[in-house]
Amino acid sequence: MRFRLGELAERIGAQCVGDAERTVRGVATLAQAGPEDLSFLTNAGYRALAEESPAGALLVGPGMDFPRRDLLVHAEPYYALAQILEILHPVERPTPGVHTAAIVGLDCRIAPTAHVGALAVIGDGSELRDGAVVHPLAVVGRNCVVGEDTVLNSHAVLYDGTVLGARCVVHSGAVLGSDGFGFATHRGRHVKVPQVGRVVVEDEVEIGSNTTIDRAMLDETRIGTGSKIDNLVQLGHNVRLGKGCLLVSQVGVSGSTVLGDYVVIAGQSGVAGHLELGSGARVAAKSAVFKDVAAGEQVAGIPAIAAGRWRRQQALQHRLEDMHRRIAALEKRLGSKEGE
Amino acid sequence: MRFRLGELAERIGAQCVGDAERTVRGVATLAQAGPEDLSFLTNAGYRALAEESPAGALLVGPGMDFPRRDLLVHAEPYYALAQILEILHPVERPTPGVHTAAIVGLDCRIAPTAHVGALAVIGDGSELRDGAVVHPLAVVGRNCVVGEDTVLNSHAVLYDGTVLGARCVVHSGAVLGSDGFGFATHRGRHVKVPQVGRVVVEDEVEIGSNTTIDRAMLDETRIGTGSKIDNLVQLGHNVRLGKGCLLVSQVGVSGSTVLGDYVVIAGQSGVAGHLELGSGARVAAKSAVFKDVAAGEQVAGIPAIAAGRWRRQQALQHRLEDMHRRIAALEKRLGSKEGE
Amino acid sequence: MRFRLGELAERIGAQCVGDAERTVRGVATLAQAGPEDLSFLTNAGYRALAEESPAGALLVGPGMDFPRRDLLVHAEPYYALAQILEILHPVERPTPGVHTAAIVGLDCRIAPTAHVGALAVIGDGSELRDGAVVHPLAVVGRNCVVGEDTVLNSHAVLYDGTVLGARCVVHSGAVLGSDGFGFATHRGRHVKVPQVGRVVVEDEVEIGSNTTIDRAMLDETRIGTGSKIDNLVQLGHNVRLGKGCLLVSQVGVSGSTVLGDYVVIAGQSGVAGHLELGSGARVAAKSAVFKDVAAGEQVAGIPAIAAGRWRRQQALQHRLEDMHRRIAALEKRLGSKEGE
């Protein structure tokens with residue numbers, strides 16, 4: 001399938017500069033693209049590579065000048081790229097229906113437009129709404145809901161009672177609803193505190209591979225609409241995320257911590273339990289948050305402090321040797337002064 | 001099902017204050033509870049919330065005074081809560097028997113009271129003891145043992161030869177017995193050192209979702225009775241945990257390290273290989289342990305040092321700017337003194 | 001099966017000291033070995049244990065003197081051990097053929113010598129080459145390639161289009177080819193950037209349990225020949241590893257970062273995106289790399305700096321209290337000097 005640049009420009013709201021009749025078939029990197037590909041430049045540092053790229057056309061941001069090339073110009077080129085990829089590399093939806101080798105429990109409501117793959121297991125009383133996709137070997141426990149157009153990849157697991165909203169993606173190996181880590185130590189025995197709550201995921205949430213989200217002890221662990229969670233992330237029981245949060249790979253959030261909207265936690269950071277991170281809070285990579293973070297605040301470090309202060313302390317780390325030397329010099333100078 | 005407060009008090013060894021005839025049906029948080037729910041107060045900070053809670057009754061610790069409420073008073077309220085939840089929200093045991101869509105190997109001994117779910121795979125020569133539960137799509141390799149009343153959740157994997165004791169819980173995606181990370185580098189090639197040992201888990205151990213425990217190179221990787229391991233934890237080959245250890249989410253312990261009894265490692269901490277952590281040792285969150293830790297010692301930091309010392313160093317971090325300024329001031333003052 | 005020491009010496013290129021006719025049946029640790037076992041000493045610290053070990057024979061490095069024992073002496077004893085374990089504890093290959101309860105798609109090419117276990121799922125258009133093994137409940141997506149003698153353990157998942165070379169091992173729960181974490185934020189919505197590239201794994205790569213490797217946005221995420229990746233590691237989209245890299249457990253490498261050959265990243269370290277780590281670079285455990293690392297360079301710390309410099313800064317951390325005291329003392333001395 002081929003698309004005219006003029007047509008693409010119209011569909012994504014870009015400006016076409018050059019030959020609007022030129023056609024492209026796919027998207028490729030600057031180095032890999034051929035004359036039938038569209039490539040893109042979202043970082044000015046790659047300008048030289050873009051000049052030499054054999055790509056048929058380029059998607060660029062405003063103010064990028066390439067006199068002899070055919071261009072799509074968009075104010076948000078990365079967003080434009082997302083749209084272009086959807087058009088040029090559309091995802092194939094699986095055929096509706098339940099595979100004969102799937103195991104479906106009693107009292108399930110499976111929409112006719114939903115798809116259940118081979119060897120998937122759907123527990124009693126669960127519901128799959130319009131366009132829901134459960135790939136082979138995924139598990140939907142009992143009394144779960146999988147919302148409209150939500151996709152569970154192979155080996156994803158929903159424990160009993162988990163609710164997923166519409167247009168979510170759950171990647172392979174993600175586990176939603178396993179027991180929170182709650183034990184009451186009594187006479188040297190760690191007695192399990194039954195975890196009887198559930199996990200609720202709102203709409204348009206993406207959950208990465210092998211991420212784990214524990215069910216609440218009571219009530220809910222809840223992931224707000226539009227939040228995106230990377231691979232190997234851990235969310236403890238009763239954690240709550242607002243809307244549009246971004247949690248990068250290998251982050252951990254301990255039990256009962258509450259995140260506002262649009263909170264960003266960079267890779268490998270941890271947040272202790274029973275805290276609040278206000279809307280728009282940002283945690284730098286590899287940090288450990290042990291205190292509440294105010295809305296809009298940026299923190300870094302172990303333990304995490306205001307990011308600006310952390311940077312100043314880091315700079316001083318690099319002057320420790322110098323400081324140590326200067327103290328010794330002062331002692332010597334003062335010693336000889338005193339000896340006078 | 002409804003329970004009288006008086007009956008609950010008797011069963012969990014609590015004191016009932018107020019109307020022992022009042023009945024409750026479930027447990028709920030202070031905010032969510034209704035008049036037919038029992039709620040609980042384990043943290044004095046929530047007292048105001050408890051005053052206003054519409055809960056029918058409250059479970060509290062000793063010395064908590066609520067004149068107009070019906071109470072269960074217990075010296076260890078969190079432990080009491082664990083017991084109450086077991087009574088009011090009992091876990092349903094699956095029906096004994098092997099699902100017709102399970103795959104069971106040769107020479108297996110499966111107790112009549114055990115349950116094997118749909119599409120679970122049990123390898124040749126394995127044994128499932130009384131009340132053992134293997135949920136759908138879990139894998140028990142060859143020559144494994146699953147002890148009495150032990151539960152393997154969906155997608156848990158036991159490699160060949162793994163032994164689980166009684167009353168354990170293994171959550172989804174946990175992998176027990178995969179190969180340790182052992183390679184002998186010979187002329188630029190990392191030659192695999194065959195990992196021919198196994199994993200042995202004693203009784204009453206809980207293992208979180210997507211946790212990985214490697215088999216021993218030789219001999220055993222062993223998890224002591226009553227130890228509890230959270231999600232996404234990594235235990236290397238030949239690691240040994242004593243009794244009652246607690247390992248919080250995303251902890252990693254490298255090969256051949258030995259933990260005594262009741263060792264606690266907080267979230268995202270790592271322990272290097274071939275170390276010993278004595279009984280009762282505690283590692284703070286986000287630490288990296290590169291040396292042995294004595295019994296009862298608390299450590300923190302990267303690299304980990306005695307927790308008290310770590311706290312003092314942290315405090316000095318915050319005075320680095322001040323120290324730097326004072327050195328410069330001293331230099332100036334001494335300079336003018338010298339210039340006299 | 002029993003082996004004469006003389007025969008073993010010949011097969012692994014070791015020197016036999018003592019009775020070459022003595023036979024052994026297995027390998028065991030110094031403490032566990034019996035008179036029919038070979039044990040080994042690769043660390044001089046265990047010499048006393050070796051003296052007393054009931055082992056029938058010992059594998060040791062050069063210059064280890066045990067007058068009354070039968071020995072295999074090898075210049076690289078750990079490498080010799082790897083070879084001995086292969087001989088004495090050979091891995092059983094599963095029988096060729098496709099289990100009747102496996103689900104195989106259309107247009108697959110499965111070599112007659114390949115093995116597909118029960119309830120494994122092979123997608124349309126995929127290829128399993130000679131000796132490939134897909135264990136029960138593993139998933140091979142559509143249009144994948146599994147190379148000669150490559151082993152996919154239970155619950156490993158290959159998303160569509162993943163290519164594995166020869167003699168690789170993928171452990172349980174590893175996920176290859178899930179979507180990279182790419183979103184373009186447009187008017188408060190994180191719009192998914194379709195991830196249309198793939199994962200290519202070259203030959204002799206081992207991938208640990210529950211490790212996740214994301215497909216490229218475009219083009220490839222690629223793991224070079226002979227690289228070994230431990231459990232619970234995260235590799236982002238478009239990451240490239242050269243040959244012979246070693247990534248220890250719980251490491252994370254962000255998108256588009258490129259590693260040369262023989263890069264070593266120790267446990268729980270993270271590397272930011274769009275960086276280059278030159279061949280032979282080494283990252284200490286629990287570090288966070290935010291800058292390029294030159295070939296052969298060793299780095300440590302958060303943020304990572306040259307390892308030598310990091311060690312000096314660490315040493316100064318322990319002198320902070322002392323420095324603080326000395327500054328105060330200087331101020332006092334200078335004050336009284338000034339007061340003269």
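Visitor: Why is Asn210(B) called buried?

Guide: Buried means under 20% relative accessible area, exposed over 50%, and partly exposed in between, with a 1.4 Å probe and protein chains only; Asn210(B) has 1% relative accessibility, and therefore counts as buried. Asn210(B) sits in the loop between β25 (206-207) and β26 (212-214) of chain B, where strands are DSSP runs of E of at least two residues and helices are runs of H or I of at least four, numbered from the N terminus. Its phi is near 60 degrees, a positive value in a residue other than glycine.

Visitor: What are the ground rules behind such values?

Guide: This is a predicted model, in which local features need pLDDT of at least 70 and side-chain atom pairs count only at pLDDT 80 or more, while totals for chains, interfaces and linings use all residues. Side-chain values use heavy atoms, with hydrogens and water left out, residues are numbered from 1 along each chain as its sequence is written, and chains are lettered from A and ligands numbered from 1 in the order in which they are written.

Visitor: Asp107(A) has a positive phi as well; what makes Asp107(A) exposed or buried?

Guide: The phi of Asp107(A) is about 60 degrees although Asp107(A) is not a glycine, and the residue lies in the loop between β9 (103-104) and β10 (109-110) of chain A. Its relative accessibility is 68%, so Asp107(A) counts as exposed.

Visitor: Why is Thr221(B) called buried, and what does Thr221(B) contact?

Guide: Thr221(B), in strand β27 (residues 220-223) of chain B, has 0% relative accessibility and therefore counts as buried. Taking contact as heavy atoms within 4.5 Å, and leaving aside neighbours within four places in sequence, Thr221(B) touches residues including Arg198(B), Val200(B), Ile213(B), Gly236(B) and Asn238(B). The side chain of Thr221(B) also reaches the backbone nitrogen of Asn238(B) at 2.9 Å.

Visitor: How do you know that the length of helix α3 of chain C agrees with its number of residues?

Guide: The expected span of a helix is 1.5 Å times one less than its number of residues; for the 12 residues of α3(C) (residues 77-88) this gives 16 Å, and the end C-alpha atoms are 16 Å apart, so the two agree. The helix is mostly covered, with 10 of its 12 residues buried, among them Tyr79(C), Leu81(C), Ile84(C) and Leu88(C).

Visitor: What makes Glu21(A) and Arg4(A) a salt bridge?

Guide: A salt bridge is a side-chain nitrogen of Lys or Arg within 4 Å of a carboxyl oxygen of Asp or Glu, and the closest N and O atoms of Glu21(A) and Arg4(A) are 3.1 Å apart. Glu21(A) lies in the loop between β2 (15-17) and β3 (23-24) of chain A and Arg4(A) in strand β1 (residues 3-4), so the pair ties together parts that are 17 residues apart in sequence. Glu21(A) is exposed, with a relative accessible area of 51%, whereas Arg4(A), at 32%, counts as partly exposed.

Visitor: How far apart are the closest N and O atoms of Lys243(C) and Glu202(C)?

Guide: They are 4.0 Å apart, and Lys243(C) and Glu202(C) form a salt bridge. The pair links distant parts of the chain, with Lys243(C) in the loop between β30 (240-241) and β31 (246-247) of chain C and Glu202(C) in the loop between β24 (198-201) and β25 (206-207), 41 residues apart. Lys243(C) is partly exposed because its relative accessibility is 43%, and Glu202(C), at 19%, counts as buried.

Visitor: What holds for the interface between chain C and chain A?

Guide: Buried area is the accessible area (1.4 Å probe) that two parts lose on being put together, summed over both; between chain C and chain A this comes to about 5,300 Å², of which carbon and sulfur atoms give 64%. Phe181(C), His190(C) and Leu218(C) supply 13% of the area that chain C buries against chain A, more than any other three residues. The contact takes 67 residues from chain C and 63 residues from chain A. Five salt bridges are counted between these chains, and in one salt bridge the side chains of Glu321(A) and Arg312(C) meet at 3.2 Å, N to O.

How values were computed:
Polar contact = N/O pair within 3.5 Å; in protein donor to acceptor, adjacent residues only side chain to side chain.
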